[in-house]
Amino acid sequence: MTNYENLIATAKKTILEESHAIAKLADLVTDDFAKAVTIIFESKGRLVVTGIGKSAIIAQKIVATLNSTGTPSLFLHASEAIHGDLGMVQPGDTVICISKSGNSPEIKVLVPLLKRFGNPLIAITGNTASFLGKESDYVLNAYVEKEACPLNLAPTNSTTAQLVIGDAIAVCLMELRDFKSEDFAKYHPGGALGKKLLLRVKDMLDLSHKPEVLPSSSIKSAIFEISEKRLGVTAVVDNNEVVGIITDGDIRRMLNERDSFSDLTARDIMTKNPKTIQSDAMVVDALNILENFAITQLVVLENNQYIGVLHLHDILKEGIV
């Protein structure tokens with residue numbers, strides 16, 4: 001085998017080994033999991049997640065996931081906890097302690113201190129018979145037979161197992177809270193994700209570029225309006241009601257079919273019943289309409305009155321796609 005083939009084979013082997021290890025976790029879920037999730041859900045305080053080494057890194061990711069899905073959480077490094085950071089744990093908080101062995105020196109020092117505070121203690125450990133497993137109120141079994149590491153030393157399968165259990169906790173809490181996309185948006189206001197969840201059509205509309213002509217307007221007027229407003233389209237409006245649209249394509253087709261258009265009006269070449277969207281609709285919904293009908297512009301209405309045109313390019317510029 002070539003060097004590339006060896007690398008690809010090793011990558012596939014690692015992925016498969018980790019996936020098999022994770023699949024086996026499903027058989028290790030007990031009533032303790034349901035009780036632990038319920039305790040977290042009913043808690044009036046925060047969720048404190050602690051660990052040491054690689055488990056500490058997993059704890060930080062779990063905290064990030066929980067915070068973004070409606071469960072106030074914070075990370076406490078196990079070694080820093082016994083040097084002053086234990087003050088982060090307040091009455092009413094629930095604590096999750098993550099440790100593969102459950103017997104590391106830092107964990108053996110920290111657990112009795114946490115127990116003294118009286119906070120509910122949840123263990124995520126690969127060794128339920130460990131010191132951590134025995135001292136915790138609820139034990140979530142993260143046992144794996146071996147690591148994907150060829151030396152069976154570097155945390156691979158074990159840390160992935162911890163992470164998956166954390167994700168399972170987060171998803172269960174989301175269901176208990178009936179957590180919706182609107183709630184998710186509150187915690188993700190920035191970036192493309194925030195825009196996708198929060199941005200409404202009216203937030204993007206340039207009211208100074210509102211192309212419109214009357215049904216009786218000349219084709220020349222329609223062409224000027226399309227060119228001036230630079231949206232590739234003009235609405236045909238009668239008493240502020242949209243009766244049709246004229247696009248660049250409509251103009252080109254007309255020129256291909258006729259030598260003269262002096263006798264035509266906007267009504268003669270417009271497309272009736274154009275696709276519309278209300279101004280308070282989400283931009284992502286507008287994008288779906290544009291994609292479904294393979295068009296680039298949408299007529300925007302407010303209380304069924306014409307207020308402008310939303311172009312696909314405006315959405316693309318916002319980085320929503």
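How are H2 and H7 set relative to each other, oblique or roughly parallel?

## Before we start

This is a predicted model, where local features need pLDDT of at least 70, side-chain atom pairs count only at pLDDT 80 or more, and totals for chains, interfaces and linings use all residues. Residues are numbered from 1 along each chain as its sequence is written, and side-chain values use heavy atoms, with hydrogens and water left out.

## H2 against H7

Helix H2 (residues 31-42) packs on H7 at an angle of about 55°, and their axes are 10 Å apart. (Helices are DSSP runs of H or I with at least four residues, strands are E runs of at least two, and both are numbered from the N terminus. Axes are lines fitted to C-alpha atoms, for helices over the stretch in contact, and angles run from 0 to 180 degrees between N-to-C directions.) H2 and H7 are therefore oblique to each other; under 35 degrees counts as roughly parallel, over 145 as roughly antiparallel, 65 to 115 as roughly perpendicular and the rest as oblique.

Who touches whom? On the H2 side you'll find Phe33, Val37, Ile40 and Phe41, and they meet Ile165, Ala168, Ile169, Cys172, Leu173 and Leu176 in H7 (contact means heavy atoms within 4.5 Å). Sorted by class, that's 10 nonpolar residues, no polar and no charged. (Ala, Val, Leu, Ile, Met, Phe, Trp, Tyr, Cys and Pro count as nonpolar, Asp, Glu, Lys and Arg as charged, and the others, Gly among them, as polar.)

## H1 against H7

H7 (residues 157-176) also packs with helix H1 (residues 3-25), at about 45° and with the axes 9 Å apart. H1 and H7 are therefore oblique too. H1 brings Glu17, Glu18, Ala21, Ile22 and Leu25 to the contact, while H7 brings Asn157, Thr160, Ala161, Val164 and Ile165. The class count here is six nonpolar, two polar and two charged residues.

## H11 against H12

Helix H11 (residues 219-229) and H12 pack at about 140°, with their axes 11 Å apart. That makes H11 oblique to H12. Ile219, Ile223 and Ile226 of H11 touch Asp248, Ile251 and Met254 of H12, which comes to five nonpolar, no polar and one charged by class.

## H12 and the pocket lining

H12 (248-257) shows up again in the lining of the largest pocket, along with strands E8 (241-247) and E11 (297-302), each supplying at least two residues. H12 gives the most, with four residues.
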